[in-house]
Amino acid sequence: MPKRKDIHKILIIGSGPIVIGQGCEFDYSGAQACKVLRQQGFNVILINSNPATIMTDPEMADRTYIEPITPEIVEKIIQKERPDSLLPTLGGQTGLNTAVALAERGILKKYNVRLLGANLKSIKKAEERDRFKKTIEDCGLAVPRSGYAHSWQQAQEVVKQLGFPVIIRPSYTLGGMGGNIAYNAEEYKEFIQWGLSLSPTNQVLVEESVAGWKEYELEVMRDCKDNVVIVCSIENFDPMGIHTGDSITVAPAQTLTDKEYQIMRDAAIKIIRAIGVETGGSNIQFAVHPGTGKLYVIEMNPRVSRSSALASKATGFPIAKIASLLAVGYTLDEIPNDITKKTPACFEPTIDYCVVKWPRFTFEKFPGTSPELTVQMKSVGEAMSIGRTFKEALQKAIRSLEIDRYSLDNKHISPELSTHQLKDKLRTNCWDKIWYVAEAFRRNISTEEIYNLTKIDPWFLNNIKDIVRLEEKIKSLNLRKIDAAMMRKIKEYGFSDKYLASLMGVTEPQFRKFRQSLDVNPVYKTVDTCGAEFEASTPYLYSTYEKECEANPTKKRKVIILGGGPNRIGQGIEFDYCCVHAAFALKEIGVESIMVNCNPETVSTDYDTSDRLYFEPLTFEDVMAIVDIEKPDGVIVQFGGQTPLKLAVPLEKAGADSAFICPWRKGDGGCL
Amino acid sequence: MKAILLLEDGTVFEGTSFGVKGQSCGEVVFNTSMCGYQEILTDPSYNEQIITMTYPLIGNYGTNTDDSESRKVFAAGFIVKENCDYPSNWRNTESLSDYLKRNGVVGLEDIDTRKLVRHIRTKGAMRGIISSNEFNIKRLEQKLRQYPGLVGRDIVKDVTVKKPYLWKKGVIDVLNNSQSMPEKKYKVVAFDYGIKQNILRLLRSHGCDVCVVPADTPAKEVLAKKTDGVFLSNGPGDPAAVSYAIDIIKDLLGKIPIFGICLGHQLLALALGGKTYKLKFGHRGANHPVKNLKTGRIEITSQNHGFCVDLKSLKNKNVELTHINLNDQTLEGFRCKDIPAFCVQYHPEASPGPHDSNYLFDNFIKLMTKRNPD
């Protein structure tokens, strides 16, 4: 079915300011939507109150309103612009809630505006937990046992049925705000009252706790002909009980057999149909009992979400762009796969690498906030890394975080910490638990015991154990004792030069020189959606230590742009904005742009923003390796905030002699 | 412990051995499924093939007693980037490397599997030898030269059952440890060219009483069993070389409802006078989009085939094309217009892979019901 003829003018609602639980991923999705819908000849009207976004650039929409995202304001815009359609599924929870309010107040009907993607009924089915529960149960699937409360009295009745611990989830809040786990009556009362006060509908769900179960997510797409594909599966490193946004997550799912994965896939397809998301993407979360495989459906987002951004970057399948095309009537088989060009988008990406997403916390900026992770999101940003193994991706993710940590070392753990205290720490959900897990292996605590304390799947734990065991071996060697084979193995495990140098008592440049003298250098592999089955036309690359390099650099004039890395307090989306514009400007003057970044929520890490994309940590080691292979005419360090700026001097010292030189200095006419 | 792979074009990959020590020749192919390695290893269609998994982390969930697709491992060798020796899954009973050892399979890990896959994609599937006890290239080359490859050879005879048997099991629900065993309403004879057990389980769960017979069972014998339908299974190798099976199918055409999968689809096409050819590197994975030409719907399918029916060769036959692969527009299924017979190239039984095409088993039941309305 080609493009719908009855749609001409589309209103897109953005997500407003960045808050915890709603980061810049909706600039990514909104920008993709605006771009592709305008290309398709639609008139696009945009409202967003966040000026630090690519989507609010004048050329992104036909009309852009930088106004507060409230139903009242949006009504005025509708009145003035008279769009025939509203696409509510790309602006996060804010966009969705606003659309719901407009529909419920009869405003959409009054002005004859139809909702694209998801209708009011399906949004309600997904978002209102009692309706959701009924829908899921009608599919023959299960949700955790639960009950609703609008008052403390009702809440007391509910908990009698369930027993402690229970999870309290206020309805209609962002990022699970107000969500908590209560282990006793005292906590319960406090959390219920807080939850009731936060919920716009004064309603909380009290749910049987599945803390400690394995957590999975599937990203699902559906078109108007009812074709459904799964874009990506995600397995959480952290068990249930920690908000997905605060969990380390891994793609694809690692510890499911095909039989179990297909049960989940079948469930996801049933759910998207039953909820009635007509077109576009949804995210569905599952809990799996580690001992029996029992499956619970936890929740569904009937819209593009943070996980969609991650899934897009993890697979090369541009979920927001395709969701937009599906919303205006295209079907999956009519949309080409941008990366292979020759095959259609109606397939399920297969990946031949491992992806790790790691949340970035800033507890030091919120004194008084408990650094415990719960079901309410607390992270302010995230980094993603790609490696050929989980071990490599994990260690790359650590240095992508830009928290001055480069390994799973115990530098931040007091040597006085007793093993007893260490075990206590493993029982808590502190943000840096993984470093304590590594320390536990150093102290020869068994995988089984660590599992019992943390409920982190033994597969993940044993991978960390492998890393710690190799680290012990490295510590027993001095630099000259390391031969090429050993060096290769160490680097395959993802150890950073910086950490290895510190273990060997040499400087990082010295270590790097020694490593290179052994001819151990990274190669670059392509993210191609298909496990190399088809040729990829898009240079979307990541580093690893293997044999064949696919970087294939051009001989064109080229400039590397260093991105901003994960969001943090004091560095939001504005630097990504600058980097994206640097890429656009380079395009205008005919210089090849090469983006380096590790933040999956951004426009800069879209494979079509720059000419070439390296999804890599922004450290000296990782950037310099790209400089070595690309031999650029310059490296732009001034647009990505503090992180790349700090790299200017080391890069220049290392011989990227043109580092920090902007193209205009070479006489290109001052376009920048 | 070193192991190497030598390809017929002289390319060598050196890595580490896992599974059993030894040497093994076969056609080197790749599979893009991210899970389901136990099903893949035990699929008889992989007879004489060395399988490379594109997903790098294999063995994570171990192996178990329910996920095998036949009586043993048929793959000639197994190549992965990183084998996992600490499987984690509630159904796991044995690690992948122990499983391969017990089944006598030579494994190779720690090579750049993506490089190998890109090599095969560009140069085409080719013969290779995997070795963990002999590293003299000359000697391995010699051995490899003696290996005839798949084209023109009947290797169905090596995998088919020797005697007929009755199939007893239904589809397993692994979460509730139960089987779907409805009342038996139809008698089906299944030709075993290398049949995957999930086909048999699905037939049983659709109410079929299934008798599995050797590939060379004469048509007369089959018809004498007074069955309601005949199933033509998947299997390994070059379909054109299995001439006896083609002749038997010719004798059955029009006399009884027929449903074929994979090799069964190719054999049916050949029996109708069509032609088959070898694909450059085949389709092996669980993500291939297939369009149902009748409904316009897309099915994400499980695939495993190196040979393919020439679409044009069916032009003047009395058949209707029903399914097409959207990646490369090759034929994925057809039905006969005048007689009760239909088939698909891909694997509706999944295992591993998506369940989107399960309805084809219902279609087989309908075809049998139409013929015998009771």
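1. Polar contacts between the chains. Across the interface of chain A and chain B, 35 residue pairs are in polar contact, both residues at pLDDT 80 or more. A polar contact is a pair of N or O atoms within 3.5 Å; within protein, one must be able to donate a hydrogen and the other to accept it, and residues adjacent in sequence count only if both atoms are side-chain atoms. The side of chain A that touches chain B divides into 22 nonpolar, 15 polar and 25 charged residues. Here Ala, Val, Leu, Ile, Met, Phe, Trp, Tyr, Cys and Pro count as nonpolar, Asp, Glu, Lys and Arg as charged, and the others, Gly among them, as polar.

2. Basis. This is a predicted model: local features need pLDDT of at least 70, side-chain atom pairs count only at pLDDT 80 or more, and totals for chains, interfaces and linings use all residues. Residues are numbered from 1 along each chain as its sequence is written, chains are lettered from A and ligands numbered from 1 in the order in which they are written, and side-chain values use heavy atoms, with hydrogens and water left out.

3. Salt bridges. There are 14 between chain A and chain B. The cut-off is a side-chain nitrogen of Lys or Arg within 4 Å of a carboxyl oxygen of Asp or Glu. One of them joins B:Arg114 and A:Asp528, at 3.0 Å from N to O.

4. Extent. In contact (heavy atoms within 4.5 Å) are 62 residues of chain A and 52 residues of chain B. The buried area is about 4,900 Å², with 50% from carbon and sulfur atoms. That is accessible area (1.4 Å probe) lost on putting the two parts together, summed over both. A:Lys259, A:Arg388 and A:Glu533 supply 14% of what chain A buries against chain B, more than any other three residues.
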